[in-house]
Amino acid sequence: MMKYCFGVDIGGTTVKIGLFTTEGELLEKWEIKTRTENHGEAILPDVAESLQNKMQEKNIRKSEVDGIGIGIPAPVMEDGVVQKTANLGWGYKEVTREMKELTGLPVAAGNDANMAALGEMWLGAGKGQKNMIMVTLGTGVGGGIIVNGKPLAGSHGAGGEIGHFCVNEEETETCGCGNTGCLEQYASATGISRLARRRLERDDSPSPLRGSEISAKAVFDALKEGDAVAKEIVEEFGSYLGHALAAIAVITDPSVIVIGGGVSKAGEILLEYVEKYFHEKAFFANQDTRFVLAQLGNDAGICGAAKLIL
């Protein structure tokens with residue numbers, strides 16, 4: 001008898017959902033709107049209804065479903081409790097209990113970045129590995145740490161918050177988290193733009209970045225064209241991220257570091273700069289850690305959520 005599971009990735013705008021076999025085949029994926037009004041009270045009922053409709057459509061019985069895994073953009077306790085979310089409108093919420101009551105199926109929940117890391121370990125760039133760090137470079141810097149095949153959640157559900165690793169004690173500008181000098185301030189898309197603006201203000205060296213909209217993509221495009229100023233900016237970005245990952249690696253000892261998110265679309269050239277600075281500071285036992293680009297894109301979250309329930 002074929003067995004199934006669902007992977008659910010709850011975002012601030014849409015909820016991504018995947019129907020999987022327990023062997024890891026993604027049979028179908030779809031999205032529903034995230035209704036955040038009234039403190040997000042409709043989100044879980046909407047997900048439950050969507051899953052039940054899909055089971056009805058595919059003629060899948062409850063006995064054939066191993067359960068539902070859910071990724072949430074917030075710290076998630078081991079028992080599936082969320083204290084607060086920034087984008088969903090939730091305060092304290094017992095996610096696994098509520099979802100079990102709505103569906104009658106087993107439920108497991110975790111932080112969305114940890115789910116993305118778990119997905120890459122199961123079906124993506126980290127396939128076959130048990131110890132892995134994943135970094136997502138987007139508007140912010142997200143992270144997921146896998147140790148012995150399991151995501152590191154920590155006592156508050158905040159394990160793997162790589163973006164808020166302090167990398168600059170001298171920084172005076174504040175990070176979104178309220179601290180200063182966080183990795184997110186230098187290695188995210190917005191952080192790279194910030195490094196670029198600071199560099200361009202330092203002198204009047206010619207660069208195609210001047211007089212154009214500054215973005216992480218523009219910086220890497222200029223680097224690929226041989227621009228010296230862009231190279232300085234990417235060197236600085238690489239030093240912050242590479243040194244931070246070397247410090248984290250000495251604690252978790254990963255076999256592979258996976259880099260994803262929008263900034264990773266720059267491709268292999270990005271890895272080149274991060275790896276250089278990683279090896280400059282890495283402990284001798286971590287020197288053979290491999291760097292790879294993420295493979296699953298937007299499907300990483302649903303894949304990891306499905307794996308969590310399995």
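A crossing of two helices is called right-handed if the near helix is turned clockwise from the far one by less than a right angle. Keep that in mind, everyone. One more thing before we start: this is a predicted model.

Let's take helix α2 and helix α3. Helix α2 covers residues 43–58, and helix α3 covers residues 95–103. Their crossing is right-handed. The axes are 10 Å apart, at an angle of about 40°.

Who touches whom? From α2 we have Leu44, Pro45, Val47, Ala48, Leu51 and Gln52. From α3 come Val95, Glu98, Met99, Leu102 and Thr103. By class, that contact holds eight nonpolar, two polar and one charged residues.

Next pair. Helix α8 is residues 228–252, and helix α9 is residues 268–281. Their axes come within 7 Å and cross at roughly 50°. The crossing of α8 and α9 is right-handed. On the α8 side, the contact includes Lys231, Phe237, Leu241 and His243. On the α9 side, Leu270, Tyr273, Phe278 and Lys281 are among the residues. The class count for α8 with α9 is eleven nonpolar, four polar and five charged.

How much space lies in the largest pocket? About 1,300 Å³. It has 45 lining residues. Closest to its centre are Asp112, Ala113, Thr136, Val141 and Gly142. Several elements give two or more residues to that lining: β1 (4–10), α4 (112–123), β8 (132–137), β9 (141–147), β11 (256–260) and α10 (300–309). Which element gives the most? That is α4, with four residues. The lining splits into 16 nonpolar, 21 polar and eight charged residues.

On to the second largest pocket. Its space is about 440 Å³. Here 19 residues form the lining. Nearest the centre lie Glu78, Lys150, Pro151, Ala153 and Leu308. At least two residues each come from β7 (107–111), α4, β10 (150–151) and α10. By class, this lining has ten nonpolar, six polar and three charged residues.

One link to take away. Helix α4 and helix α10 give residues to the lining of the largest pocket, and both also supply the lining of the second largest pocket.

How values were computed
Residues numbered from 1 in each chain as written. Predicted model: local features only at pLDDT ≥ 70, side-chain atom pairs only at ≥ 80, totals over all residues. Heavy atoms only, no water. Axes fitted to C-alpha atoms, helices over the stretch in contact; angles between N-to-C directions. Contact = heavy atoms within 4.5 Å. Nonpolar A, V, L, I, M, F, W, Y, C, P; charged D, E, K, R; others polar. 1 Å grid on protein atoms, 1.4 Å probe; cavity = no way out; pocket = protein on both sides within 12 Å on 5 of 7 lines; lining within 4 Å. Points joined across faces, edges and corners; volume = space filled by probe spheres on them.
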